[in-house]
Amino acid sequence: MIISPIQEAFIVAKNIQLDLLRLDMVHPQISGNKWFKLKYNIEFAISNQFESVLSFGGAYSNHLHALAFAGKKFGINSIGIIRGEEVSNPTLEDCKKWGMQLKFISRSEYKQKSESDFIRDLQKKFPSSFIIPEGGGNALGVKGCQEILDEIDSSIYDSIAVSVGTNTTLEGIVSKLLPHQHAMGFIPMKGVEQMKNDLSKKITPKNLTLISDYHFGGFGKYNQEVLDFIVEFKENYQIELDLVYTSKMMFGIFDLIKSDYYKKGTRILAIHTGGVQGNRSLKEHLF
Ligand SMILES: *Cc1c(COP(=O)(O)O)cnc(C)c1O
């Protein structure tokens, strides 16, 4: 796997160094953290002779988009269970083009996606499918994410920032932190107390801070401020951020630097987890 070089000395302001790990460059289709979460899942499904991989997501899901492409690339069928009424958009068009079978279910049904009865019924309907939880959030997903920092010398960083959805990526990162390092999880949605509780059962919060101030109204929500930020960021650094996750994280980091949150001399590595495919449906508002 090729990871492009990080942007060295991306920003040096107020004696803070901020570098960006460009997981968005890992692969043109299976971009960002999704490849790391899927690789061991796909490998497991294939080596255990499953006929297909099945997973869940919203209509703009980066996870399903990556799964559909990975399925095609590695020769295993894919099934996407999609939240809400049937729609069409560039994300889902790609999924179909790559051979994913799409199944739309109501939002209320979708809420049960992790419950054992629901999974049992689904497994009956798709007996030879390997079921991957939403966002690739299982142990195999975490295992893949433990390799994210392997390709670079991450030991020089004090603070590692990542945007969180299911926490799978964050869990992988936190498990590989060195004693002098600290992780910051930027939460792009409201109602984070539950998430904080769930997370505190899994990882020791000692070297982790969850930042929940930059949700911009909730998951997938945005305002002019964040849209302007994406446009400016692209102008200044020639790097596209996605609207759901990485833009909110970078906005947050910039804001925290401005307000002297970080100690002088801090070296920050922010992880660009990809997801820019989702911007296509909103392109007319952006560039
Ligand atoms: C899915 C996704 C995340 C969240 O990753 P989790 O492992 O689910 O926490 C972050 N950033 C982007 C761009 C994503 O697509």
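Predicted model: local features only at pLDDT ≥ 70, side-chain atom pairs only at ≥ 80, totals over all residues.
Let me begin with two helices, H9 and H10, which are roughly perpendicular to each other, a label used for angles of 65 to 115 degrees. Helices here are DSSP runs of H or I with at least four residues, numbered from the N terminus. The axes of H9 (residues 224–237) and H10 (residues 246–258) come within 10 Å and cross at roughly 80°, where axes are lines fitted to C-alpha atoms over the stretch in contact, and angles run from 0 to 180 degrees between N-to-C directions.

Residues are numbered from 1 along each chain as its sequence is written, and side-chain values use heavy atoms, with hydrogens and water left out.

Where the helices meet, with contact meaning heavy atoms within 4.5 Å, H9 brings residues including Phe229, Ile230 and Phe233, and H10 brings, among them, Met250, Phe251 and Phe254.

Now to the ligand, which is surrounded by 16 residues, each having a heavy atom within 4 Å of it; the closest are Lys34, Asn62, Thr166, Thr169 and Thr273. Polar contacts are pairs of N or O atoms within 3.5 Å. A polar side-chain atom of Thr273 lies 2.6 Å from a ligand nitrogen atom, and a backbone N or O atom of Gly165 is 2.7 Å from a ligand oxygen atom. As for the shell around the ligand, helix H1 gives the most to it, with three residues.

How values were computed: Parallel < 35°, antiparallel > 145°, perpendicular 65-115°, else oblique. Polar contact = N/O pair within 3.5 Å; in protein donor to acceptor, adjacent residues only side chain to side chain.
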